[in-house]
Amino acid sequence: MSKDYQIIVIGGGSGGLTVAAGAASFGAKVALIERKSSLGGDCLHYGCMPSKALIHGAEEIHQVATYESLSSKAYDSYFSKTMARVSEAVKDVQHHDSKDRFLDMGVDIYESEARFVDSHRIQVGNEIISGKRIVIATGSSPFIPPIDGLDSVDFLTNESVFSLTERPEKLAVIGGGVIGIELSQALSRLGVEVTVLEGAPSILASEDEEITSIAEELLNEELTILTNAKVKQVEEADGKTVLTYEQNGNEQRLEVDQILVATGRKANIDRLNLSAAGVYVTDGKIDVDSTMQTSQPHIYAVGDCNGSMPFTHVAGMEGKIVVSNAVFGLKRKASYKKVPWVVYSSPEIYHLGMTEKEARDQYGDDLLVFKTKLADNDRFMAERNTAGLVKVMTKGNGKIVGAHAIGPGAGEWMQEVGTVQALNKKFQAISNIIHPYPARNNIVSQTSDLYWREKLFDSKLNDAIRWYVKKFR
């Protein structure tokens with residue numbers, strides 16, 4: 001006889017924990033299934049937390065290297081100390097997602113694989129449990145491309161790179177997306193000679209083209225980026241790993257100590273036996289509607305496994321929606337138009353809404369684009385960090401449709417634009433807010449002032465204003 005629950009959550013990452021905690025706090029009987037020994041998911045153990053700890057440690061070493069030359073021996077020492085700090089940071093954050101916390105909430109935790117028996121019953125180990133409603137939050141794992149010989153070498157992914165204790169002298173990174181770029185720069189700053197191989201014409205394919213161009217130029221000062229470079233073969237030779245790649249029709253070879261594969265993610269759904277539950281899958285991802293419901297109305301899917309947006313904060317947002325819908329029977333819908341993300345490179349890259357190309361395709365002549373270079377802002381001039389840009393796009397009435405920036409701390413000071421958009425306010429409203437001088441977010445206010453210049457001072461209305469002032473004032 002199976003044990004019955006009102007909510008069964010499969011997966012102990014950001015989305016799953018949001019649902020489990022939310023449902024339990026409202027009195028639902030909840031089961032949480034996690035196949036690994038600890039909660040927290042990919043973000044805590046292999047993603048957001050360790051990567052940001054690594055990036056911060058690498059930034060500190062980079063600052064030291066700016067003023068003094070570091071020896072190979074010094075880099076070895078800094079590398080091992082930084083990786084130890086990364087491990088400590090993960091352990092500290094782990095307490096927030098401890099099993100005891102959820103057990104105290106009344107959540108039953110099953111440490112096992114989950115496999116659907118039918119649309120309501122799930123096998124966990126030797127038990128079968130039943131759920132009135134079920135939430136799939138199994139996340140994703142690294143996608144390994146079918147490169148000849150890759151499976152014969154001991155390559156790294158984001159799940160193993162943080163376990164390094166010794167500094168590799170030369171590293172090849174296959175993939176120039178967010179994960180590849182963040183880790184490449186951090187490792188380069190720790191004394192590793194890094195070469196990024198990206199098969200597309202540019203890195204960071206989802207970013208605004210102008211922002212990407214600036215990022216690529218700056219990153220090339222610290223590491224080597226090869227675009228249009230497709231890896232064809234990997235092999236071991238004389239204790240080294242050799243990659244054969246094709247770039248612009250020419251075949252070349254690269255010898256390194258190790259390889260980091262960062263070519264995207266795949267949903268962790270293969271072992272769930274979703275066909276037994278009648279849950280539809282397309283291109284390896286679970287089909288969901290805007291309420292997070294699958295093809296079975298009582299089964300929901302949140303986070304990376306549904307293929308929406310591969311970010312922890314998105315999984316959390318979707319988890320909150322599922323709590324409302326699964327526990328209270330509401331029909332809240334997810335919208336991704338106002339979801340920002342940040343590439344934590346140095347300088348940081350902020351992304352909200354459409355790129356300029358996407359916005360021009362949709363809005364045409366009604367699109368307004370406002371740009372301010374960091375070189376035109378007092379704070380960034382004072383810090384000697386002038387290589388960067390703020391770009392905000394609006395419709396003619398000031399409604400924000402996209403915002404992008406590259407600059408130190410952009411993830412923090414650009415969120416002001418995201419807040420204004422989320423509150424359904426117009427971009428020009430920022431111009432009326434007093435910003436402390438010379439805070440970095442002054443550049444956002446400076447950019448919003450351009451709206452009035454565009455709509456007022458550079459328009460025919462300006463002639464009328466000049467006439468009025470001259471005549472009556």
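W341 stands opposite H351 in β20, within a predicted model in which local features require pLDDT of at least 70, side-chain atom pairs count only at pLDDT 80 or more, and totals for chains, interfaces and linings use all residues. Residues are numbered from 1 along each chain as its sequence is written, and side-chain values use heavy atoms, with hydrogens and water left out. Helices (H or I, at least four residues) and strands (E, at least two) are DSSP runs, numbered from the N terminus.

Strands β19 and β20 run antiparallel and are joined by 4 bridges; two strands are taken to pair if DSSP finds at least two bridges between them. P347 lies in the loop between β19 (340-343) and β20 (348-353), and the peptide bond joining S346 to P347 is cis, with omega about 5 degrees.

UniProt, in an unreviewed entry, places the feature "domain: Pyridine nucleotide-disulphide oxidoreductase dimerisation" at residues 339-441; UniProt positions are given in the numbering used here, feature names are shortened, and annotations may be inferred rather than shown by experiment. Over residues 339-441 the chain is 24% helix and 29% strand, and the end C-alpha atoms are 20 Å apart. A cis peptide bond also links Y437 to P438, with omega near 0 degrees. P438 is found in the loop between α13 (415-422) and α14 (442-457).

An open sheet is formed by 4 strands with parallel pairing, in the order β10-β9-β8-β14. Because β10 (224-227) and β14 (258-261) stand at the edges, each with a single partner strand, one side of each is left without a neighbour in the sheet. From one strand to the next, the twist averages 20 degrees. Strand β8 (residues 170-174) pairs with β14 in the parallel sense over 4 bridges, and V173 stands opposite L260 in β14. Helix α6 (residues 178-189) packs on the sheet and touches β8, β9 (193-198) and β14, its direction making about 165 degrees with that of β9. Contact here denotes heavy atoms within 4.5 Å. Axes are lines fitted to C-alpha atoms, for helices over the stretch in contact, and angles run from 0 to 180 degrees between N-to-C directions.

Positive phi values occur in residues other than glycine. Phi of N228 is near 55 degrees; N228 lies in the loop between β10 and β11 (229-237) and, because its relative accessibility is 30%, counts as partly exposed. For N273, phi is likewise near 55 degrees, and N273 is placed in the loop between β15 (265-267) and α8 (274-277).

Two packed helices are described by the angle between their axes and the distance between the axes. The axes of α3 (residues 48-67) and α4 (residues 72-94) come within 9 Å and cross at roughly 145 degrees. The crossing of α3 with α4 is right-handed; a crossing is right-handed if the near helix is turned clockwise from the far one by less than a right angle, and left-handed if anticlockwise. Residues of α3 including M49, L54, I61 and V64 meet residues of α4, among them Y75, Y78, M83 and V90. The residues of this contact divide into 15 nonpolar, 3 polar and 2 charged, where Ala, Val, Leu, Ile, Met, Phe, Trp, Tyr, Cys and Pro count as nonpolar, Asp, Glu, Lys and Arg as charged, and the others, Gly among them, as polar.

Definitions and conventions. Buried < 20%, exposed > 50% of the residue type's maximum accessible area, 1.4 Å probe, protein only.
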